[in-house]
Amino acid sequence: YRSAASLAYQCREFRTALQLVAKGLAGFPTPKVEQELQILYEQVTFELNLQSHGVTLADEELSLAMRGNAVGFGHILYNEFLKRVDAAFSLVDRTVQRKMGRVYQRSGRVSQIYRPFTRVLSGMEAGSFIVKLKLGQHDIQQTSFLVDATDIVNEIMFGIDLFNRADEQGLRELIPSEGYYNNFVTLVRELAPDGDQIISVHFGSKEGSINFTRQRDQIELLPKSEMLAIS
């Protein structure tokens, strides 16, 4: 029942998965299997709730792991966490806008057309502090053929890798717009480790992972006007 429920969940047959979980729990499972069924139940009910609001989670995700003096066993200083997660989601937003051909705009209201994804966080794990940034899409919303979740995550990972290797030429070829380029550098600087509170930042996706080694103080500051324009 556990395996069948997991398969139903992966096939997005959520109500069938719930029925299988219920039957599995009714069969006096071992404590380990019972725990796995309970976790699966939480996952399924969460996705059903999203579905009721017309939102579907993409299979792709971007993981962000942080280690340092600001991180405890399953805990992290709120400000260190918040500014990096905000910067990561802003990277997603700006990458979507750039891939959809929107002219860079430092501030101001962004049309809903350029916001095809709903922000979702999942998977806090103890030891380090790992969260997964997921992208949900409203079922009724038409997304440009220029963007999907996998494309956006891969683009961000490629850009971070270029930046981490100090390949400025490669990064400028990836992001030729001066506005988007400066914004990318500003956001990545927000994500970078400071060597004290956060000593390492690790990015991961289905395609691979990057251990971000450039320290914040090694990244040249941008003009103040660009530093403020990170949303």
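In which handed crossing does α1 pass α2? The crossing is left-handed, a label used when the near helix is turned anticlockwise from the far one by less than a right angle, with clockwise giving right-handed. The model here is a predicted one, where local features need pLDDT of at least 70, side-chain atom pairs count only at pLDDT 80 or more, and totals for chains, interfaces and linings use all residues. Residues are numbered from 1 along each chain as its sequence is written, and side-chain values use heavy atoms, leaving out hydrogens and water.

**Overall layout**
- The chain holds eight helices and five strands, taken as DSSP runs (H or I of at least four residues for helices, E of at least two for strands) numbered from the N terminus.
- Along the sequence, these elements follow the pattern α-α-α-β-α-β-β-α-α-α-β-β-α.
- Of the 231 residues, 46% count as buried (under 20% relative accessible area, with a 1.4 Å probe and protein chains only).
- Taking contacts (heavy atoms within 4.5 Å) between residues at least 6 apart in sequence, 67% join residues at least 24 apart.

**Confidence**
- Mean pLDDT (the predictor's confidence in each residue, from 0 to 100) is 83 for the chain, and 87% of residues reach 70 or more.
- Helix α6 (residues 168–174) has the highest confidence, at 94, while helix α8 (residues 224–227) has the lowest, at a mean of 46.
- Residues 224–231 have pLDDT below 50, and this stretch makes 20 contacts in the model beyond near neighbours in sequence.

**Helices α1 and α2**
- The axes of α1 (residues 2–10) and α2 (residues 14–25) come within 8 Å and cross at roughly 165 degrees; axes are lines fitted to C-alpha atoms over the stretch in contact, with angles from 0 to 180 degrees between N-to-C directions.
- That makes α1 roughly antiparallel to α2 (an angle over 145 degrees).
- On the α1 side, Ala4, Ala5, Ala8 and Tyr9 meet Phe14, Thr16, Ala17, Leu20 and Val21 of α2.
- This contact has eight nonpolar residues, one polar and no charged (nonpolar: Ala, Val, Leu, Ile, Met, Phe, Trp, Tyr, Cys and Pro; charged: Asp, Glu, Lys and Arg; polar: the others, Gly among them).

**Helices α4 and α7**
- The axes of α4 (residues 78–99) and α7 (residues 178–191) come within 8 Å and cross at roughly 160 degrees.
- α4 and α7 are therefore roughly antiparallel to each other, and α4 passes α7 in a left-handed crossing.
- Residues making the contact include Lys83, Arg84 and Arg94 of α4 and Tyr180, Phe184 and Glu190 of α7.
- The residues of this contact divide into eight nonpolar, three polar and five charged.

Technical notes: Parallel < 35°, antiparallel > 145°, perpendicular 65-115°, else oblique. Buried < 20%, exposed > 50% of the residue type's maximum accessible area, 1.4 Å probe, protein only.
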